[in-house]
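I opened a notebook for a structure that is new to me. The entries below keep the order in which I looked things up.

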Amino acid sequence: MKRILIVEDQSDLRRLVRWSLDEGDYEFHEANNGAAGLAAAQRLRPALVLLDVMMPGEMDGLEVCRRLKADPNLGQPAVILLSARAQRSDREAGTAAGADAYLTKPFSPIELTELAKRLLQSAPKAPALRERDD
Amino acid sequence: MISGLVARLRERGEQLDAIFALSPDGFVSFDADRCANYVSPAFERLTGLAPAQVLGLHEHDIEARLRSRTTTGQAWRGFEALRRDLAAQDATAGADGETDAAGGAEKKAAKGAPRRERIELVRPTQRVLELGLRTGSTRAISQVLSLRDVTHETEVDRMKSEFLSTAAHELRTPMTSIFGFSELMMRRKLKPEQQEEVLATIHRQTALMISIVNELLDLARIEARRGKDFELQRLDLGELAAEVMHDFKPPQERAPPLLLAAAGVAPVRVDRNKLAQAFGNVLSNAYKYSPEGGDVSVHLVQAGCGHERQVGLQVRDAGIGMTPEQLARLGERFYRADASGTIPGTGLGVSIVKEIIELLGGRLAVASRAGQGTQVTLWLPLAENAEAAAVELEMA
């Protein structure tokens, strides 16, 4: 079962993403801010992270994305950025942060599902939880 | 005869000096060799270049001095470029004038007008100037450079577009829910209990969009009219508070707000509906930001003495409160002190309250402590009359 982490401050939107992807055989985890999202990713090592760009708190989605991609212990999770910012410069900032895809809000759940499937096919399987737990 | 002429010329000179001295726009005129032969006082004020530093200088040198004061990003293109623009403009205006008889008059009017260009100065202060050039044909004046301070307009433009993009962004959030959930409803087989939840979410998010749009319109209306449409009347603040509280429906069947210390009269001159709207917003916030419950109380307070005497309608809650950082940003358009994203709101309510109270001659005061609660006071000047002097308000 592939592990998916949803990092988004609006609870309605976390549920929207979860229900959109619910058709596949996935295990869902959620966080409501950047710092919590990064901590969850380090603990869970998800195959895919859905990441809101603008969240309250110190760390925005772009920063979380950069750190996810830079951490060698995370095994390069696929990252889809979700953002209300629709300008080309915003998209470019997403690509520069290492995101695999950038969806602008409002997005189509069907499109999101297709995209997630595609990215997960090429992503490595989720490793066992807490491998070094003792 | 000659002395009369000299006197008239002097008078004319003084007149012109006075006009230029009063003009907020700066001018520099150039002689046939394109050296400055007149510098208006406003030019010095806008650029920090004293007439003595400029008079007699060739346009190249003036160009260099102005450039040294601009931001590196947006260097001024210079006199030559302005003249080229002017020539090109003249050529097109002339050509159009022949073919288009109806638009001819307009084009001709535009022909002599200088093309304006904006530059940003960093010295003597941060300023945006609009430059224009007119060419003359006399021996004494070959061209005139004019400068207009457009710092304020530029700032207003910037704030407007920033506000628009924030507003559009705020609308995208509920739109994302509505668009996404309705697509799920159409394209997926959802369980009955999921369907119910989807509909409830769509309804809730649509309601949020409606309030954002309504409050945006409210704000725009208040700002455009600047209180001119306010119907001011004398009324008692305590009575108005009691009326609003009577009609107020607390959310989730919580206890109604308590009115404490309503003794005495507090006559104020206000627009009843506008003040009721502001007070209602504050009451509703007191409940929203105390999701764990606790009393919401309303107090009539007073401050100052004599002509400075003010009465205040104070709302206290025992809710989540605000940190000093959050408190400092309160009243900013779309700012929400709720980081959890669970308390509904548009981030416009306090802006509206602030606008209304300030247009009524009062002020909004907020004290808050994170985790302990918030106290919001709508301060209003007491209506000036003999009665007002005799008012004795019981302090809460």
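**Entry 1: strands of chain B**

I began with β9(B), which pairs with strand β10 (residues 310–316) of chain B in the antiparallel sense, over seven bridges. Strands here are DSSP runs of E of at least two residues, helices are runs of H or I of at least four residues, and both are numbered from the N terminus. Two strands pair if DSSP finds at least two bridges between them.

Before going on, I noted that this is a predicted model, in which local features need pLDDT of at least 70 and side-chain atom pairs count only at pLDDT 80 or more, while totals for chains, interfaces and linings use all residues. Residues are numbered from 1 along each chain as its sequence is written, chains are lettered from A and ligands numbered from 1 in the order in which they are written, and side-chain values use heavy atoms, with hydrogens and water left out.

I then looked at the other pairing of β9(B): strand β7 (residues 258–260) of chain B runs parallel to β9(B) and is joined to it by three bridges. I picked B:Val298 to follow across the strands. Its bridge partner in β10(B) is B:Val315, and B:Leu259 stands opposite B:Val298 as well.

I use buried for under 20% relative accessible area, exposed for over 50% and partly exposed for in between, with a 1.4 Å probe and protein chains only.

**Entry 2: salt bridges**

The criterion is a side-chain nitrogen of Lys or Arg within 4 Å of a carboxyl oxygen of Asp or Glu.

I looked up B:Arg221 and B:Asp218, whose side chains meet in a salt bridge of 3.4 Å, N to O. The two are about one helical turn apart, because they are three residues apart in helix α8 (residues 192–225) of chain B. I noted B:Arg221 as partly exposed, since its relative accessibility is 41%.

Next came B:Arg226 and B:Glu355, with a salt bridge of 3.5 Å, N to O, between their side chains. B:Arg226 lies in the loop between α8 and β6 (232–236) of chain B and B:Glu355 in helix α12 (residues 349–359) of chain B, so this pair ties together parts that are 129 residues apart in sequence. At 44% relative accessibility B:Arg226 is partly exposed, whereas B:Glu355 is buried at 13%.

I also recorded B:Glu153 and B:Arg148, which form a salt bridge of 3.6 Å, N to O. B:Glu153 is partly exposed at 34%, and B:Arg148 is partly exposed at 29%.

Which residues are linked in a network of salt bridges? I listed A:Asp12, A:Arg15, B:Glu197 and B:Arg204.

**Entry 3: a buried arginine in chain A**

I found A:Arg3 in strand β1 (residues 2–7) of chain A. A:Arg3 counts as buried because its relative accessibility is 7%. Its side chain has a polar contact of 3.1 Å with that of A:Glu27. Such a contact is a pair of N or O atoms within 3.5 Å; within protein, one must be able to donate a hydrogen and the other to accept it, and residues adjacent in sequence count only if both atoms are side-chain atoms.

**Entry 4: backbone details in chain A**

I checked the loops of chain A. The peptide bond from A:Lys105 to A:Pro106 is cis, with omega near -5 degrees. A:Pro106 sits in the loop between β5 (101–104) and α5 (109–122) of chain A.

A:Arg45 is not a glycine, yet has a positive phi of about 45 degrees. I placed A:Arg45 in the loop between α2 (34–44) and β3 (48–52) of chain A, and noted that it is partly exposed at 27%.

A:Gln76, also not a glycine, has a positive phi of about 50 degrees. Its place is the loop between α3 (61–70) and β4 (78–83) of chain A, and A:Gln76 is partly exposed at 46%.

**Entry 5: cysteines**

How many disulfides does the structure hold over all chains? I found zero, with a disulfide taken as a pair of cysteine sulfur atoms within 2.5 Å. I looked up A:Cys65, which is buried at 0%, and B:Cys35, which is buried at 18%.
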